[in-house]
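Hello,

Here is the structure I promised to pass on to you. Please open it first, and then read my notes below.

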Amino acid sequence: MAKVSDMLTEVDDADAEIRTGLDRRISGSTRFLAWAIFAAFGITVVEVVSRYVFNSPTYWAHETTTFLIAAIFLVGGPIALARDKHIRVRIFYDAVKPPGRRIFDIVNSLIALVFFAGLAFASWIMVSKSWFAPTGEIRLEGTGTSWNPPTPALLKMLVLICVVIMLIQTLLHLIAAIRRDVSASFDAKRKK
Amino acid sequence: MGLNALGIEYGSYILVASIFLLLLTGQPLAWVTGLVALIFTFGWFGGMALPLVTARIFGFITEYSLVAIPMFILMAALLDRSGIAKSLFNGMRILAGRLPGGVAVQTLIVAILMAAMSGVIGGEIVLLGILALPQMLRLGYDRNLSIGVVCAGGSLGTMMPPSIVLIIYGLVANVSIADLFVAAITPALLLLAFYVAYVLFMCWRNPELGPPMSKEELAQESVSSALRSLAAPLFIVVVVLGSIYGGIASITEAAAMGVSAVLLISLFRRELTFKMVEDSLVHTLETCGMIIWIGIAAAVLVGVYNLMGGNRFVAEAILSIEAPPVVIIMVMMLILLVLGMFLDWIGIALLTLPIFVPIVIQLGYDPIWFGILFAVNMQVSYLTPPFGPAAFYLKSVAPREITLKHIYTALVPFIFLQLVALAIILFYPPIATWPIN
């Protein structure tokens with residue numbers, strides 16, 4: 001049965017296209033980060049068991065799983081970007097020859113840069129509000145429950161970090177696209 | 001001068017047009033939607049409003065019900081990587097029998113059972129593409145029929161509970177996900193019945209489309225092995241749906257229970273490996289990154305658009321149509337079908353539903369019923385070119401000589417059957433809503 005599972009992993013990897021060294025590193029970190037999902041799963045099971053078997057619901061499970069999964073959602077952005085997995089309409093992109101595709105890549109990277117730059121700016125405002133009190137000293141925003149973990153502050157910082165990472169990734173994609181020798185890549189594709 | 005000088009009508013046109021233009025360049029849907037949202041926030045309300053964007057992002061990702069999505073994706077990924085589906089497919093061989101087109105029927109039955117276990121398509125189509133398609137082609141089945149059965153059957157996962165399409169609908173429309181799950185069962189079975197009837201009819205008219213199996217292969221069948229192969233899937237269905245309908249667990253917790261059930265069964269079957277779990281987790285993380293950022297961007301765009309007064313504008317425009325309410329619903333279906341050709345389901349759900357659902361309720365319709373219509377619409381969108389995910393999933397595992405064009409051609413009759421089902425649910429709502437009223 002190993003065959004089917006290997007084929008599924010192959011399908012996952014088939015359309016993944018890693019373009020830069022940074023993308024390779026980010027993609028490599030996936031195997032480690034993905035275990036946070038397993039942790040969230042484990043905590044949810046603990047919560048159900050302690051509620052029904054031991055009749056004592058936990059006070060921390062709900063907020064912890066929400067935090068872990070929100071973090072996973074956020075890092076999923078750079079990871080999908082690193083592997084070129086974000087859903088896009090490829091009819092025109094696939095129809096043109098490599099030189100045209102390079103133009104598309106350059107234009108798209110420029111547009112995406114505008115997006116990430118704007119988003120980074122907006123995230124920075126959000127982070128500064130949740131990390132600093134109006135007087136200037138550090139004060140992490142909490143969830144406001146009796147447990148009150150500082151997870152909102154951490155997640156807001158993670159929004160900023162992920163957006164900045166995607167900004168850098170896109171910048172590197174732009175450089176790679178500008179430098180790309182389209183005649184060579186065309187021949188290489190043909191040989192395949 | 002800001003963009004707000006345009007007024008909401010022209011603002012809306014420019015917003016929609018810029019999304020489509022940007023999409024055509026091959027820019028990811030998530031960035032297109034997000035960028036347009038950002039520009040309109042800035043242009044309409046000024047720089048002071050930008051924190052609204054990030055506030056929406058934070059609100060979206062910390063929604064507890066969304067935790068169910070990675071859980072269901074993980075469950076499906078583990079299920080796909082276990083041997084459960086293969087055993088099920090082999091066990092259900094008894095259904096194929098001497099019937100012309102029997103293996104296609106068998107494939108459809110396996111598809112609906114898999115759909116009842118997991119709410120994610122993709123893996124399911126890939127699996128059927130690996131297990132069922134070669135089997136049918138080897139027996140000399142008609143290529144179009146085989147492809148259609150795999151794609152249409154494999155897409156049933158979005159209708160059969162637990163379906164993540166219905167979970168997202170429940171979240172956006174603010175209706176009970178458990179009710180949606182109950183209402184979806186009959187329409188899902190209706191679709192299945194259509195597919196089975198179509199296969200049997202075609203093969204009855206021309207038995208060469210689906211030749212029966214050889215005697216040796218028939219000899220391998222036994223009722224007891226068929227029943228044994230059903231045990232694991234039924235256990236999983238009972239754990240997940242049982243804990244939802246039994247009121248024991250939230251949707252998220254039920255999904256986690258489902259993950260435990262799959263892990264437990266894999267352990268019993270001696271298939272559980274570290275690599276299998278890790279691969280599944282990696283797959284889950286990537287899929288989440290893909291769909292959640294579309295969700296994030298769509299949530300931001302809708303938030304901004306509603307602040308601009310867009311929801312009121314669209315509601316007034318639609319309600320001012322001098323037509324019976326059912327025509328308005330049909331217009332919405334048409335919009336969904338057209339969008340379904342280009343966009344991903346989660347993008348469509350989060351962009352249109354916040355605007356459509358209040359109108360549906362205002363017209364006096366049941367939002368649960370509309371949710372089922374929405375799910376059938378998304379079924380169609382899985383198959384329609386140029387962006388029919390089902391075709392891409394199958395292409396990734398199909399024999400080389402099968403092209404995307406072959407796949408889309410094969411899907412035409414199945415799309416037609418889906419549209420017939422859509423019409424039936426549209427004109428006869430009790431087919432969906434009878435169990436909840």
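**Helix H7 of chain B**

Helix H7 of chain B covers residues 102–117, and at 1.5 Å a residue its 16 residues should span 22 Å; the end C-alpha atoms are 23 Å apart, which agrees. The expected span is 1.5 Å times one less than the number of residues, and helices are DSSP runs of H or I with at least four residues, strands runs of E with at least two, numbered from the N terminus. Of the 16 residues of H7(B), 15 are buried, so this helix is largely enclosed by the rest of the structure. Buried means under 20% relative accessible area, exposed over 50%, and partly exposed in between, with a 1.4 Å probe and protein chains only.

**How to read the model**

This is a predicted model, in which local features need pLDDT of at least 70 and side-chain atom pairs count only at pLDDT 80 or more, while totals for chains, interfaces and linings use all residues. Residues are numbered from 1 along each chain as its sequence is written, chains are lettered from A and ligands numbered from 1 in the order in which they are written, and side-chain values use heavy atoms, without hydrogens and water. The model scores ipTM 0.88 and pTM 0.91. Chain B has a mean pLDDT (the predictor's confidence in each residue, from 0 to 100) of 89, and 98% of its residues reach 70 or more.

**Chain B as a whole**

Chain B has 22 helices and 0 strands. Its C-alpha atoms fill a box of roughly 80 × 45 × 45 Å along the principal axes. Of its 437 residues, 63% count as buried.

**The second largest pocket**

A pocket is an open set of points on a 1 Å grid over the protein atoms alone, with protein on both sides within 12 Å along at least five of seven lines; lining residues have an atom within 4 Å of a point. Which residues lie nearest the centre of the second largest pocket? They are B:Val16, B:Val314, B:Ile335, B:Thr352 and B:Ile355, out of 21 lining residues. H1(B) supplies the largest share of this lining, 7 residues. Helices H15, H16, H17 and H18 of chain B are among those that each supply at least two.

Best wishes

Conventions. On a 1 Å grid over the protein atoms alone, a cavity is a set of points where a 1.4 Å probe fits but cannot get out, and a pocket is an open set with protein on both sides within 12 Å along at least five of seven lines; lining residues have an atom within 4 Å of a point.
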